[in-house]
Each structure stands twice: as structure tokens, then as C-alpha cells.
Amino acid sequence: QVQLVESGGGLVQAGGSLRLSCAAPGHTFRSSTMGWFRQAPGAEREFVAAMLTIGSSAYADSVKGRFTVSRDNAKSIVYLQMNSLKPEDTAVYYCAADSRRLVPIRTTPGDYDYWGQGTQVTVSS
């Protein structure tokens with residue numbers, strides 16, 4: 001069983017910034033697309049951002065220009081830098097690993113094999 005470990009959530013004011021981190025086993029990290037999802041109360045889990053092993057990335061329209069995903073291959077950590085935060089960004093954020101090869105970045109939660117426990121991000125107005 002592969003365990004992903006998330007950290008970095010918290011409470012920030014609108015317009016502020018926060019950086020989330022997710023550590024994965026090296027073998028999983030090196031061979032997987034690493035993604036970020038979020039789930040607000042009463043809502044479905046939705047795609048936020050992801051990065052392929054080769055470094056290309058994709059973002060949900062709602063976060064483009066504000067969020068940046070990055071990978072530290074030496075440390076096997078994926079980050080989500082969140083800037084210009086809005087109250088509607090409030091959610092539990094999850095990191096996930098998609099081990100499928102030869103496919104583009106996927107945005108459906110069910111396509112991902114391993115998940116972190118989630119970290120709460122709350123943005124006040």
C-alpha cells in the first residue's frame with residue numbers, strides 16, 4: 001500500500017498565499033503523475049492541478065494564473081503553491097498519484113491510484 005503524506009493547510013485571508021506539500025515513496029513519485037484535488041462541503045471532489053513525470057502540468061480553469069504545481073524529484077515531494085486565494089478556494093485538498101503510463105494528465109479522481117489524507121484550506125473574506 002502506497003501512502004502519500006500531505007501538509008501545509010491552514011487558515012488565510014483572501015488574497016493571501018499558502019503552499020501545500022505532499023511526500024510520496026520515491027518509486028511511486030518517479031513513475032506517477034502527481035495531482036491535486038479539492039472537495040468543498042457538499043460538493044464533489046474536483047481536479048485542481050497535476051504534473052507529469054516529464055514536467056508538463058495542467059490546471060483547472062478556476063485556479064489558472066493563481067496556483068502552481070511543482071515537483072522536487074530529489075525529495076519526492078510535489079507542491080501546490082496557492083496565491084491570490086479566494087473564499088471559494090476553501091476545501092479539503094488532497095494529493096494523488098496516477099500510475100498509468102502513456103496517457104495525458106487525467107482529471108477524474110477515479111483515475112488516480114493513491115491518495116493522501118487531505119489537508120484543510122480555509123480562506124476568509
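1. Val69 has Leu80, in β8, as its bridge partner. β7 and β8 run antiparallel and are joined by 6 bridges. Strands here are DSSP runs (E, at least two residues), numbered from the N terminus. Two of them pair if DSSP finds at least two bridges between them.

2. The model is predicted: local features need pLDDT of at least 70, side-chain atom pairs count only at pLDDT 80 or more, and totals for chains, interfaces and linings use all residues. Residues are numbered from 1 along each chain as its sequence is written, and side-chain values use heavy atoms, with hydrogens and water left out.

3. β7 and β8 belong to an open sheet of 4 strands, ordered β1-β3-β8-β7, with antiparallel pairing. β1 (5-7) and β7 are the edges; each has a single partner strand, so one side of each lacks a neighbour in the sheet.

4. Which residues touch the most other members of the largest nonpolar core? They are Trp36, Leu80, Met82 and Tyr93, out of 35 residues. Such a core is a set of buried Ala, Val, Leu, Ile, Met, Phe, Trp, Tyr and Cys residues joined through side-chain atoms within 4.5 Å. Buried means under 20% relative accessible area (1.4 Å probe, protein chains only). Elements giving two or more residues to this core include β3 (18-23), β8 (77-82) and β9 (91-98).

5. Cys22 and Cys95 form a disulfide, with sulfur atoms 1.9 Å apart; the cut-off is within 2.5 Å. Cys22 lies in β3 and Cys95 in β9, so the pair ties together parts 73 residues apart in sequence. Cys22 is buried, at 0% relative accessible area. Cys95 is buried, at 0%.

Methods:
Buried means under 20% relative accessible area, exposed over 50%, partly exposed in between (1.4 Å probe, protein chains only).
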